[in-house]
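This report describes selected helices of a protein chain and the residues packed around them. The sequence and the structure are shown first.

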Amino acid sequence: MRFSSPWWLVLGVLVVVALVGGAVVSSRRRSAALAAAGLSAGGRRTTAGLWLSIGGLAVLAVAAAGPAASVPVARAAGTVIVAMDVSNSMAAGDVAPSRLAAAKKAADQFIDAQPDSVDIGVVAFQNGGLTTYRPNADRAAAKTAVDRLNVAGGTSLANAILTSLSAITGKKVVIGKDGTVPDIGFWNSATVVLFSDGEDHGSDEATAVAASAAEKAGVHIETVGVGTAAGTTVTVEKFRIHTALDEDTLTAIAKTTGGSYHPASDAAELDGIASTIDLRLTTHREDLPLAGAVTGFALLLLAAGAVLTVLRTGRLV
């Protein structure tokens, strides 16, 4: 149990201690006075109402401190990683106003369409992958992470996949030195939505191994092709380079993992991806406020103390 305002509890304890001390002193003086007069005190029953009232005040102090208990809560949950290609070729204008701008718009729409049971993470990738936002339920933060991306460097689809898997598992995922696929467990409640033009400056073998790692872990990769087959030219460090959409590579990645390829022009179809995610039952802890119940108990004690006091003495105080 924790308290949101512990100082109220401290203050309440001091007040209750003072009241108890006063009640004890008063009771002893009363007993002494009655004994001197040759009378006997009424015993515990006479002061039962007082002690109930003091107990009610003590419980009320606990309620004022804002008690809350941490309880396990089960929910169906899934994870989606939005992997964004930010290589130099994504600055191409064959998709207006640019490939990256179009990808950002589609990614934002996709994030907005996801149910609350799905956590969203964002991975930006070029020559190396970079997790810009760990999976979380905060949609606004995920969209901010997408919107602030800028183009730079080349493309490594293998790193994009491996970094996405790292974001899902919470630990770094790498291909073995001998090219073996790492065993990262089974994560069938996770999906990667990869926005890219498909141009890969890494090795095809590394990309295939990374896709196999995702498939082995039960992670589907939905690829979104951004660009045109005809392509265009972009200027990179004063050099003009031709760039075009590579649908074959993106389709192969999706097929290996059990996902699908989507042209950016049909990005609206991504809204249905959420229904394909196998949600898992997870348990997380939430704070359960107890102030209401504790306040009710305190009022019950105070009422009982007042009733007993009236019945025994004929007066409330």
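## Helices and buried residues

L301 is found in helix α8 (residues 291-313); helices (H or I, at least four residues) and strands (E, at least two) are DSSP runs, numbered from the N terminus. The model is predicted, with local features needing pLDDT of at least 70 and side-chain atom pairs counting only at pLDDT 80 or more, while totals for chains, interfaces and linings use all residues. Residues are numbered from 1 along each chain as its sequence is written, and side-chain values use heavy atoms, with hydrogens and water left out.

With a relative accessible area of 16%, L301 is buried (under 20% relative accessible area; exposed is over 50%, partly exposed in between, with a 1.4 Å probe and protein chains only). Leaving aside residues up to four places away in sequence, L301 touches L52, S53, G55, G56 and V59, where contact means heavy atoms within 4.5 Å. The C-alpha atoms of L301 and L60 are separated by 9.6 Å, although these residues lie 241 residues apart along the chain.

The buried residues of α6 are T207, V209, A210, A211, A213 and A214; they pack against α5 (157-169), β6 (220-225) and α7 (247-257). Just after α6, G218 adopts a positive phi of about 80°.
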